[in-house]
Amino acid sequence: MSNYHFTTRWLVPATCVEVYRTLEAVEDLTRWWPSVYLDVRQLEKGEPGGVGKRVMLYTKGFLPYTLKWQFRVTHTEFPYGFALEAIGDFAGTGVWTFRQLDDDKCEVVYDWQINAEKPLLKKLSWLLRPLFSANHHWAMRKGEESLLLELRRRKASSEAARAAVPKPPGPAFPHNFTNNKIL
């Protein structure tokens, strides 16, 4: 009963290359998607192209709990997407797919099929599934908002234009994770 399947769709004013490059740069997630990504560490670079890249993450949504998990890139198809396998507080697969609709619009689809392995989530999924699902949808809405801002920042024609782009939304609740930061 602790399995979840989410499909998220975004339409962003960018090319598939721009979206791919933004999402593959995992070390930047805490800067441009700070509402969800509290700490990220690349553990292994993987092969040229990214297959085998292994990343440790410390994340949260709007609910007052955090998640520690890892992913390993299992497939890449530059610039049209990549797949990953998750382990830790989440276990399952995620597939990012990018489709160019015209010169300046990219459809982004994220297919996330996971089992909740964190004891709290696993034990209470039968009861709190709608709340846990709402937490995921909130995180992805913040991701879309943050990605749009990051793309604007990356496309800015000057430092002044880059500085004028608003900061991305932060966590729903302030969280002091200094002692819980992943190593």
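This report describes the strands, helices, core and selected side-chain contacts of one predicted model.

The model is predicted, with local features requiring pLDDT of at least 70 and side-chain atom pairs counted only at pLDDT 80 or more, whereas totals for chains, interfaces and linings use all residues. Residues are numbered from 1 along each chain as its sequence is written, and side-chain values use heavy atoms, with hydrogens and water left out.

**The sheet**

Helices (H or I, at least four residues) and strands (E, at least two) are DSSP runs numbered from the N terminus. An open sheet is formed by 7 strands in the order E1-E7-E6-E5-E4-E3-E2, with antiparallel pairing; two strands pair if DSSP finds at least two bridges between them. Strand E1 (3-12) and strand E2 (37-44) each have a single partner strand and stand at the edges, so one side of each is left without a neighbour in the sheet. On average, neighbouring strands of this sheet are turned by 20° against each other, direction ignored.

| Strand pair | Bridges | Bridge partners |
|---|---|---|
| E1 and E7 | 10 bridges | Asn 3 and Asn 115 |
| E3 and E4 | 7 bridges | Arg 54 and Arg 72 |
| E4 and E5 | 8 bridges | His 75 and Ala 83 |

E3 and E4 form a hairpin with 5 residues between them, and the hairpin of E4 and E5 has 3 residues between its strands. Pro 79 lies in the loop between E4 and E5; a cis peptide bond joins Phe 78 to Pro 79, with omega about 0°.

Buried means under 20% relative accessible area, exposed over 50%, and partly exposed in between (1.4 Å probe, protein chains only).

**The core and residues in contact**

The largest nonpolar core has 43 residues, and those with the most contacts inside it are Val 12, Trp 96, Phe 98 and Trp 112. Such a core is a set of buried Ala, Val, Leu, Ile, Met, Phe, Trp, Tyr and Cys residues joined through side-chain atoms within 4.5 Å. Helix H3 gives the most to this core, with 7 residues.

Contact means heavy atoms within 4.5 Å. Leaving aside neighbours within four places in sequence, the residues in contact with Trp 112 include Tyr 4, Phe 6, Trp 69, Leu 84 and His 136. His 136 lies in helix H3 and is buried, with a relative accessible area of 11%.

**Aromatic and charged groups**

Rings of Phe, Tyr and Trp (its six-membered ring) pair if their centres lie within 6.5 Å; planes under 30 degrees apart count as stacked, over 60 as edge-to-face and the rest as tilted. By this rule the count comes to 18 aromatic pairs. The ring centres of Phe 82 and Phe 98 are 6.2 Å apart and the planes stand at 70°, so the pair is edge-to-face. This pair links distant parts of the chain, with Phe 82 in strand E5 and Phe 98 in strand E6, 16 residues apart. Both Phe 82 and Phe 98 are buried.

The charged end of Arg 129 sits over the ring of Tyr 4, 4.4 Å from the ring centre. The criterion is NZ of Lys or CZ of Arg within 6 Å of the ring centre and within 35 degrees of the ring normal.

Definitions and conventions: Axes are lines fitted to C-alpha atoms, for helices over the stretch in contact, and angles run from 0 to 180 degrees between N-to-C directions.
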